[in-house]
Amino acid sequence: MNRNDITEKIITVKVSKGITWESVAKKVGLSKEWTTAACLGQMTLDDKQAKIVGKIFGLTVEEQKWLQVVPYKGSLPTPVPTDPLIYRWYEIVSVYGTTIKELIHEEFGDGIMSAIDFSMDIVRQPDPKGDRVNVVLSGKFLPYKTY
């Protein structure tokens, strides 16, 4: 048994029971974005959170322990994603990555946007021409230091 096995079990139960990530997040008490990442094996749950997720998905005590292990981050199976939705994010970074970098550096200086001190919000934005996906990424700016 490993973390990937637990992730697969969570997805299987989610589908078979018609569970939504938002309902799981409400029970855990955190955002749907972070909770989904945790259930998909990209974040570490604490004991209390693991017990809640374990109850929802019928995980054993041993399986719940896997939810508390620091995961190997990075969920994509290939260097260039093949899933169309994920590929579009890759395309966005390929096309606009240098622009994003340039504008962040112009505004903040030399540094990076943290993916650790970070939040994300994904919401449906109604639009008469077809609903839009509104994604807000918010990461702390971390300047490079001199030494």
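I start with a term: a crossing of two helices is left-handed if the near helix is turned anticlockwise from the far one by less than a right angle, and right-handed if clockwise. I looked this up for α2 and α4, and their crossing is right-handed. The model I am reading is a predicted one.

**Entry 1: α2 and α4.** I checked how these helices lie. Their axes cross at roughly 140° and come within 9 Å. I then listed the contact: α2 brings Trp21, Val24, Lys27 and Val28, and α4 brings Gln49, Ile52, Val53, Ile56 and Phe57. Sorted by class, the residues of this contact of α2 with α4 are seven nonpolar, one polar and one charged.

**Entry 2: α2 and α3.** Which residues of α3 does α2 meet? I found Lys32, Thr35, Thr36 and Cys39 on the α3 side, facing Trp21, Glu22, Val24, Ala25 and Val28 of α2. The class count for the contact of α2 with α3 is five nonpolar, two polar and two charged. For the geometry, I read an angle of about 100° between α2 and α3, with the axes 8 Å apart. That angle makes α2 roughly perpendicular to α3.

**Entry 3: α1 and α4.** Here I noted an angle of about 50° and axes 9 Å apart. On that angle α1 is oblique to α4. The α1 residues in the contact are Lys9, Ile10, Val13, Lys14 and Lys17, and those of α4 are Val53, Ile56 and Phe57. I counted classes again for α1 with α4: five nonpolar, three charged and no polar residues.

**Entry 4: the core.** I turned to the largest nonpolar core, which has 16 residues. Which of its members touch the most other members? They are Ile10, Val24, Cys39, Val53, Phe57, Leu59 and Leu67. Two or more core residues come from each of α1 (3-17), α2 (21-28), α3 (32-39) and α4 (47-57). The most come from α4, which gives four residues.

**Entry 5: Phe57.** What does Phe57 contact, leaving aside its neighbours within four places in sequence? I wrote down Lys9, Ile10, Val13, Lys14, Ile19, Trp21, Val24 and Cys39. Among them, Ile10, Val24 and Cys39 are also on my list of core members that touch the most others.

How values were computed
Residues numbered from 1 in each chain as written. Predicted model: local features only at pLDDT ≥ 70, side-chain atom pairs only at ≥ 80, totals over all residues. Heavy atoms only, no water. Core = buried A, V, L, I, M, F, W, Y, C linked by side-chain atoms within 4.5 Å. Buried < 20%, exposed > 50% of the residue type's maximum accessible area, 1.4 Å probe, protein only. Contact = heavy atoms within 4.5 Å. Axes fitted to C-alpha atoms, helices over the stretch in contact; angles between N-to-C directions. Parallel < 35°, antiparallel > 145°, perpendicular 65-115°, else oblique. Nonpolar A, V, L, I, M, F, W, Y, C, P; charged D, E, K, R; others polar.
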